[in-house]
Amino acid sequence: MPRLLPRRRSGGVSLARQLLWLQALVLLTVVAASAVVAWRDARAAVQRAAEQRTTAVVESLADSPLVAQAVTGSDPTEVLQPFAEQVRADTGLSFVTVLAPDRTRFTHPDPAQIGRPFRGTVAPALAGETFTETYTGTLGPSVRATGPVFGPGGEVVALVSAGLTVDVVGADLEAAVPGILGTAAVTLAVGALGSWAVSRRLRRQTGGLDATTMARMLEHHEAVLHAVREGLLLVDGDGRVELANDEARRLLGLGDDPAGRPVTALGLPPELADALAGAERGVDEVHLTGSRVLLVNRSPTRTAGRAAGSVVTLRDHTELQALTGERDSVRAFAESLRAQAHEAANRLHTTVSLVELGRSAEAVEFATASLASAQQLTDRVVGAVEEPVLAALLLGKAATAAERGVALEVDVGTAVGVTGLPAGDLVTIVGNLLDNAIDAALAGDPPREVAVGLLADGDRLEIRVEDSGPGLTPDQAGQVFRRGYTTKQAPDAPDGLGRGLGLALVQQAVHRHGGTVSVRPGPGAEFTVTLPLAVPAQAAR
């Protein structure tokens, strides 16, 4: 099977692989940024926890009566040093120091530092406020809290400072790092797996094509859709239009893009809308719009074994239909000439035989009568109808009707000059009306007759065709112009057009010129067509 998609250029990177690399880059960036943010949050949380721990210890010691009494005693260190060390051990802090307002230490983890000045900020505490800071003291950088100890009179009699060295805080932060890195690794692995799955699916759907090739294919696709001279519709399984090219919009008379709209909402004839939205295969189905004859081909599409819509192509059959009508008229005229030639040969043989028998008077009388009979209809039609196509059509249909046993009479009031109407439309209207009338007359009882009258009166042309057939019921008269409706019990017409199309074509041609067509029900149907003339036509001279 030939390859329909273009091969990917050597060296080109497929769209799926480009997307994989892009997703990997984005994923790495997001995971790295998330890990940094998580680490910063963890560091801030550890810092807050250290500040809360030290502040809680400082406030507890500052409220302790033992501390308040000891700092005013004769030897504060003797009372407070064991107590402070016990608190430090119980709370896991790096130091707990009680000091005098002049910074003299009463306690310290290193006894050598007792009595020496405290290193750190004390001004907020002397003002009666408990605060936290990070400061480098005798034990190195530490997160510490410092607060006041109040005497009985509300004065600050001592200060308490407790802290955690930075290495202890760092150890707590390091404990959170494995969790952060583990979460980042799991996120990266899941994201990489998802990106690989998406890339693999995209590769299958795009056939491994790179972005440049796909863009070029899209440009070619658009160019083909706009250039092709056949209407193309893509209809989904719900009967909505997915795509319509320029030719389809022109043939269907759609002003804007119908994509996304249901076929039934496009204002098309019901039979055509049903054909476009159908789920079954259709080949060269003939359908009518207000001004066109369309050949519709429909091919259903399936996805995963289920119906997914259909591809519909449209071809304009209007001009071909007109040419077919003209061809049929010429053929009918030729057939009538053949029949007349055959009849003329029989009459000539009869006349010659009468002469050979010595009955010259009878031969002259017979020949004169035959000539007058044959010429009477021709003279009437040619004298009353100046449109050559109409005249030829009426003569041909008269001969055809006579050969089938039907008398076709041209009304004595017929008078038609040059109408200016397209010859093809006149042939379509008059020819189809006469064909239907002859067929209807054959279905009735003798005498079988068809009467036709044409009259150009000022700015309109009136065409009347009446037959002696069984006629139409009111219900039939209301449906007779609908495509596919017929009262004839006969095989399908030639050229694959089927029965029930002739009168629909008549109505289409009449409406195209802004005219009207009506039918009188009852025994012996009568069809009346009125066509406005752009230029008033004169009656035949």
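Select F95, T97, R105, H108, F118, R119, G137, T138, L139, G140, S142 and R144: they line the largest cavity. On a 1 Å grid over the protein atoms alone, a cavity is a set of points where a 1.4 Å probe fits but cannot get out, and lining residues have an atom within 4 Å of a point. This is a predicted model, where local features need pLDDT of at least 70, side-chain atom pairs count only at pLDDT 80 or more, and totals for chains, interfaces and linings use all residues. Residues are numbered from 1 along each chain as its sequence is written, and side-chain values use heavy atoms, without hydrogens and water.

Next, colour β1 (95-99) and β3 (140-150), the elements that give two or more residues to this lining. Strands are DSSP runs of E, at least two residues; helices are runs of H or I, at least four; both are numbered from the N terminus. β3 gives the largest share, three residues. The largest cavity has a volume of about 90 Å³, the space filled by probe spheres set on the points, which are joined across faces, edges and corners.

Now move to helix α11 (residues 388-403) and helix α12 (residues 423-442). They pack at about 20 degrees, with axes 10 Å apart. Axes are lines fitted to C-alpha atoms, for helices over the stretch in contact, and angles run from 0 to 180 degrees between N-to-C directions. α11 and α12 are therefore roughly parallel (an angle under 35 degrees).

Finally, select V389, L390, L393, L394, K397 and A401 in α11. They meet residues of α12, including L426, V430 and I438. Contact means heavy atoms within 4.5 Å.

Definitions and conventions:
Parallel < 35°, antiparallel > 145°, perpendicular 65-115°, else oblique. 1 Å grid on protein atoms, 1.4 Å probe; cavity = no way out; pocket = protein on both sides within 12 Å on 5 of 7 lines; lining within 4 Å.
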